[in-house]
Amino acid sequence: MKPKTRTTVAPLMLLSALAFCLCAAAQQTAPSSTQRLQSYDLSREVSLVGAVVKFDPASATPPMGAHVLLQTSSGQVDVHIGNAQLLKANHFELNPGDSVRIVGEPLALGDATYFAARIVQKGAQAVAVRNSKGFLTTPASAMSQAQVDALRGVR
Amino acid sequence: MKRLLVAFSVVAALWSASCSSGGPAIQPPPPAGKFDVTNLKGTYAFTTSGEVCAGCQVAATPMARAGSFVADGKGGITGGVYDVVIQGGATSAVISINSNSSYTVNADGRGTLTLNVTSNGAPTSINFGIVLTSTSGDGLIIDETNNVTQASTGSGNFVLQSTAAFQVSTISGSYVFDFTGFDGNVVNGPFPESLVGQFAAANGVITTGFEDANDGLGLASGSMAPGSLTADPVNMSTSGRGTAVIEGQSYAFYIVDSTRVRFISSNTLNGSGPMLAGDAVQQQANIPLNLAAINGSFAFLVGGSDSAGNGLTRVGRLTATGSALSKMLMDVNDGSNEVPFNSLSNGTISSYDPTTGRGQFSFQDSNAQVYTFVFYLSSQNGGVIQDVSPSNVANQARVVADGSINLQSGSPFTSSNISGTYAMNWSGLVTAGGNIASTDEEDLLGQTTISNLSLSGTSDMFQFTSPTLTPNLNIGTAGSITLNGGDGASDDTKRVDMNVNLSGSAPIDMVVYVVNSKLAFFANRDNSGTPRIVAGILKLQQ
């Protein structure tokens, strides 16, 4: 019943072989490119490795939600990591200087693109912020069975 | 209890931080108008859709309700029942409303509704704010429950039921439906889901039907399997409740009358499954007989999710002359990225089937991005609409979103006919800053007088801006509407601006598409200020 919320490290190890650093400039793509990035595609995923420059749980930058500015070897990348509540529910903190690996891919938003994270990993802990279709994982998915059971009494 | 109190105090600080961005204090006007408790008398079918948390230790969960309550015209709710389903599909046994429940109605039509029920063997109350939109008691409703048992918010409405229609045989003829929510995929999902279509029913049997489904972006369109409508032997005669199987999925339903039935997913007790809810509206005989007969100006509003789960609204208008579309305008808010589209082209209604009322239209923007919608007309005045804009993957949409499309009438819209007292409701997502920053549900229900295109009224706003609920009651509400001209004869072809000023908050900028003097669709369009993705309606109080 309870959806998976924490990913194992194994898939990340596999993806790390494909480690790829996306430069910030690559986020600005032509409209024809954005039309190819309209939906999440696991085969397009890349892994960003870098240090947290800034974590903003409620960024004014679209898309709405939490963003992390990541310093990679190729430059800084702004990454959308969904709802900060999900990280909090998983006791997952991001602070400046933290080394992280982020699995995700660029997605279109209007005429521009943004980097959408699916998995955020710091040390041995990884949190899936999107599911395999690319939809944001809701914080409710981090509930314990007891918390899920409590919902059965809602009116 | 102590834990919740601590949480509430933290959230209260958050509200202050996120909303005291320079807006002036606004005193709510004294309630004035024609309403009182006698206007709510009879049996009413209600629905709400929003979020709930129990214990509120982690986060809120999507939830929908549908049910029926009996108002005595004197401030008492004497009974009723309702169904609840949450994301993931858990449902409870039908919930009975205790006879000691109550309601209030102020002169301006605003009021409260308190349903006393039992949860896990203990008494509790579910609280709502209401605004009457007619003297027969129809109205809009917002969930304002905030107690030790649960916190929940969400928006919906209630409609006077015809108790004489409380039998399955009442559901007869063709019905257009729009069920929306989440699928029952508990392995990788749940994913947002939208079902629109048309079915024919007689004597408890759904004989034929055609459905368009968007389940987590996956599109499917085709004939429906036969289904059933069965009376609830305990609650049909008093509440109009029954159970249904439609396209293999189980629902509870509440009969309003022969023209409207309200559905909600009903899964195995405490099991899993979809969370879907919506209305089926009887299809009138006056729907256009062919594509050439579709003529007029239409406003539309859809809400849902983009391909990555970001909140999405599209609000706009178009003029149909047979298969040709013109004067298309659309405002999109995708994940708080708000874009007004003024140069839409190649507008076409590519198909229309008068036997089902189903059609499909599309247009494209200046970057050749194509927007496509399926619609089902329930009358010549409009129907339901589903966004099926294609992605680069076959049979997969770019978004999951649905809503309404309505014929515009009564233009030109001026300060003379956009005037009177209106109920105002919006629902969606908001992001609040602070130490517990998050993005979550926001619902607002208010009543406002519009005079000389200025707003003056009172609103309730509830936000899940942290793991707990932030209630804000009786907010002074002001604002202004700016008409953008037009050609004098048909300025329904123009978008309208509306600034909503909530006491102590920065103005919230909305784009409005007027359907007629009694109804308007709107969505927020401001790229600055507190990020939010909300859409709603203004509805004249009659």
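Domain bounds here come from an automatic or database domain assignment. For chain B, that assignment gives domain 1 (36–283), domain 2 (291–407) and domain 3 (420–540).

## Ground rules

This is a predicted model, in which local features need pLDDT of at least 70 and side-chain atom pairs count only at pLDDT 80 or more, while totals for chains, interfaces and linings use all residues. Residues are numbered from 1 along each chain as its sequence is written, and chains are lettered from A and ligands numbered from 1 in the order in which they are written.

## Domains 1 and 2 of chain B

Taken over C-alpha atoms, the centres of domain 1 and domain 2 of chain B are 27 Å apart. Their contact draws on 18 residues from domain 1 and 19 residues from domain 2; two residues are in contact if their C-beta atoms, placed from the backbone, lie within 7 Å.

On the domain 1 side, strand 10 (173–182), strand 11 (192–202), strand 12 (205–215) and strand 13 (218–223) of chain B each supply at least two residues. Strand 11 of chain B has the largest share, with six residues. Helices (H or I, at least four residues) and strands (E, at least two) are DSSP runs, numbered from the N terminus.

Have a look at strand 8 (residues 139–146) of chain B: seven of its eight residues are buried, so the rest of the structure largely encloses it. A residue is buried if 20 or more other C-beta atoms lie within 10 Å of its own, exposed if 12 or fewer, and partly exposed in between, with C-beta atoms placed from the backbone.

Strand 8 of chain B pairs in the antiparallel sense with strand 7 (residues 122–132) of chain B over five bridges, and with strand 9 (residues 151–160) of chain B over eight bridges; pairing requires that DSSP finds at least two bridges between two strands. Leu140(B) is the bridge partner of Val131(B), and Thr153(B) is that of Glu144(B). The hairpin of strands 7 and 8 of chain B has six residues between the strands, and there Gly137(B) takes a positive phi near 100°. The hairpin of strands 8 and 9 of chain B has four residues between them.

Chain A has four helices and six strands, in the order α-α-β-β-β-α-β-β-β-α from the N terminus on. Of its 155 residues, 48% are buried.

The contact between the chains takes 43 residues from chain A and 57 residues from chain B. Strand 1 (46–59), helix 3 (84–89), strand 4 (99–109) and helix 4 (145–151) of chain A are the elements that give two or more residues to the chain A side.
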